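This report goes through one structure part by part. Please keep the sequence and the 3D view open while reading.

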Protein chains: 2
Amino acid sequence: MIKILIVDDHHLFAEGVKSMFKSEDNIEVTHYTANGNEVLHLLSEHEIDVILMDMSMPILDGIATMTLIKEKGYDVPVLMLTMHQSIKQVKGALGKGAQGYILKDASKAELKQAIELTSQRKNYFHPKISDQVFDYFRGKSSSKNEMNELSEREIEIIKYLADGRNSKAIAKSLFISEHTVKTHRRNIMHKLHVKTSAELIKLAMDKEII
Amino acid sequence: MIKILIVDDHHLFAEGVKSMFKSEDNIEVTHYTANGNEVLHLLSEHEIDVILMDMSMPILDGIATMTLIKEKGYDVPVLMLTMHQSIKQVKGALGKGAQGYILKDASKAELKQAIELTSQRKNYFHPKISDQVFDYFRGKSSSKNEMNELSEREIEIIKYLADGRNSKAIAKSLFISEHTVKTHRRNIMHKLHVKTSAELIKLAMDKEII
DNA sequence: TCCAAAATACCTCTTTTGGGGTATTAGAGG
DNA sequence: CCTCTAATACCCCAAAAGAGGTATTTTGGA
């Protein structure tokens with residue numbers, strides 16, 4: 001019997017999944033919490049085989065919760081659950097050590113399979129996102145290097161821009177000349193091949209540098 | 001026995017709710033579809049007491065589907081189901097004739113109660129949103145999410161901005177005047193209280209509207 | 001049918017960007 | 001010691017953004 005801990009702020013979803021698995025499935029939802037911090041307590045008190053974790057939760061999100069779990073030394077495989085299929089999230093989750101990734105529009109059969117594979121510490125990718133993951137690992141080098149070319153100062157400037165400041169305000173905050181800020185901005189735009197500040201912020205957020 | 005039709009693109013959720021209700025609950029999920037158009041077919045063929053409708057679906061969303069149902073003359077009470085608690089969505093759903101509104105983080109007991117009330121054509125508001133609804137009807141549609149004030153066109157403009165286009169380019173893409181684009185941009189900035197396009201994109205991405 | 005909101009369009013004006021240069025200084029690394 | 005990069009700073013200039021108006025048309029809801 002695979003013992004599942006569900007971490008999800010949507011009670012209905014958790015209750016639904018719990019009632020979905022019968023004894024013949026060899027899977028049982030033994031615990032449920034919407035609170036990332038309570039996960040640690042549950043892990044210390046009970047035997048858990050797989051954590052089914054929702055990505056988007058208020059306060060402490062899925063990745064943060066998983067990071068916390070790993071930091072505390074618990075080695076329980078985590079199956080990430082989400083509505084979104086953004087490569088950004090997938091990347092974040094896998095980077096932090098998630099065992100698998102499944103979408104909320106999966107079928108029961110797919111979830112069952114995902115849980116079984118996860119409990120055996122095998123990776124599971126939901127079909128709908130596997131193409132994106134593949135694309136990502138193929139195109140990784142070029143897109144990431146672009147961001148790596150940025151200096152610390154340049155990234156600092158981008159953060160200030162996202163905060164709504166113009167060159168003059170940034171100059172004052174950093175105690176440098178407005179000319180310097182403009183030079184940094186120009187260099188950033190050229191390095192990332194963007195035409196406007198708006199596009200710059202979009203790219204910076206997509207690549208998670210801010 | 002209250003017969004339920006679930007309209008939701010998340011299979012897992014639908015399957016979960018279906019298995020959640022036992023015979024003693026006097027509630028049964030008899031049909032399920034992720035396709036708004038198939039709802040009409042199901043309604044014509046089967047007896048349905050309550051429709052449990054997800055708000056956010058691709059292509060035809062919850063409100064559009066409900067509107068379609070009402071237009072075709074079906075008088076089945078609709079219980080709206082959502083993750084978001086935006087006052088704009090609540091307003092839209094109720095305005096179009098939804099009988100109730102429940103969040104996906106409700107408990108089974110709450111859902112049961114909501115379904116029972118809906119089947120009797122009584123209104124149900126999930127506790128977490130009733131405060132907002134109350135505020136709204138008092139005249140204070142206050143400020144929780146400024147994003148709700150944005151029109152569809154305005155959001156479209158923001159997406160183009162994030163794509164690196166300037167006002168002139170956006171005007172060409174949308175076949176409107178550059179003046180109009182600049183007016184939209186000005187209105188957006190005022191509504192969201194941002195000073196630059198960069199800050200606008202940051203906010204829009206944080207709030208996940210783009 | 002009538003009202004309100006949204007979308008459309010144009011005006012003027014100042015400030016800021018974005019793009020092109022050039023150049024000095026400090027620090028890291030061969 | 002020399003080179004390369006990052007950070008600094010300044011010049012010019014055209015284009016765009018931002019901020020203030022006003023006003024018409026379209027559209028959806030009461």
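## Strand pairing in chain B

In this predicted model, strand S4 (residues 78-82) of chain B pairs with strand S5 (residues 100-103) of chain B in the parallel sense, over four bridges. One residue pair can be picked out: Thr82(B) has Leu103(B) in S5(B) as its bridge partner. In general, the strands of a sheet pair through backbone hydrogen bonds, either parallel or antiparallel.

S4 and S5 belong to an open sheet of six strands in chain B, with parallel pairing and the order S2-S1-S3-S4-S5-S6. Strand S2 (27-33) and strand S6 (124-125) of chain B are the edge strands, and each pairs on one side only.

## Helices across the sheet

Helix H2 (residues 36-45) of chain B lies across strand S1 (2-7) and S2 of chain B. The angle between H2(B) and S2(B) is about 130 degrees.

Helix H3 (residues 62-71) of chain B lies across S1, strand S3 (50-54) and S4 of chain B. Relative to S3(B), H3(B) runs at about 150 degrees.

## A helix pair in chain B

How do the axes of helix H7 (residues 152-162) and helix H9 (residues 178-192) of chain B cross, and at roughly what angle? They come within 10 Å and cross at roughly 100 degrees. An angle of 65 to 115 degrees counts as roughly perpendicular, and H7(B) and H9(B) are therefore roughly perpendicular to each other.

On the H7(B) side, the residues that meet H9(B) are Arg153(B), Glu154(B), Ile157(B) and Ile158(B). On the H9(B) side they are Val181(B), His184(B), Arg185(B), Asn187(B) and Ile188(B). By class, the contact of H7(B) with H9(B) has four nonpolar, two polar and three charged residues.

## The surface near DNA strand D

There are 23 residues around DNA strand D. Those that come nearest are Ser151(A), Arg153(A), Ile176(A), His179(A) and Asn166(B). The residues of this surface divide into two nonpolar, 13 polar and eight charged.

Which elements each supply at least two residues of the surface near DNA strand D? In chain A they are helix H7 (152-162) and helix H9 (178-192), and in chain B helix H8 (167-174) and H9. The largest share, five residues, comes from H9(B).

Chain A has ten helices and six strands. Of its 210 residues, 36% count as buried. Among the contacts in chain A with a separation of 6 or more, 61% are between residues 24 or more positions apart.

The contact between the two chains takes 31 residues from chain A and 32 residues from chain B. On the side of chain A that touches chain B, two or more residues come from each of helix H1 (11-20), helix H5 (108-119), H7 and helix H10 (197-206) of chain A. H1(A) gives the most to this side, with eight residues. By class, this side of chain A has 13 nonpolar, nine polar and nine charged residues.

## One residue of chain A

Glu38(A) is found in helix H2 (residues 36-45) of chain A. Is this residue buried, exposed or partly exposed? A residue is buried with 20 or more other C-beta atoms within 10 Å of its own, and exposed with 12 or fewer. Glu38(A) has 14 C-beta neighbours inside 10 Å, so Glu38(A) counts as partly exposed.

Glu38(A) and Thr65(A) are 27 residues apart in sequence. In space, their C-alpha atoms are 9.9 Å apart.

Notes. Residues are numbered from 1 along each chain as its sequence is written. Chains are lettered from A and ligands numbered from 1 in the order in which they are written. This is a predicted model: local features need pLDDT of at least 70, side-chain atom pairs count only at pLDDT 80 or more; totals for chains, interfaces and linings use all residues. Two strands pair if DSSP finds at least two bridges between them. Two residues are in contact if their C-beta atoms, placed from the backbone, lie within 7 Å. Axes are lines fitted to C-alpha atoms, for helices over the stretch in contact, and angles run from 0 to 180 degrees between N-to-C directions. Angles under 35 degrees count as roughly parallel, over 145 as roughly antiparallel, 65 to 115 as roughly perpendicular and the rest as oblique. Ala, Val, Leu, Ile, Met, Phe, Trp, Tyr, Cys and Pro count as nonpolar, Asp, Glu, Lys and Arg as charged, and the others, Gly among them, as polar. A residue is near a molecule or strand if its C-beta atom, placed from the backbone, lies within 6 Å of it.
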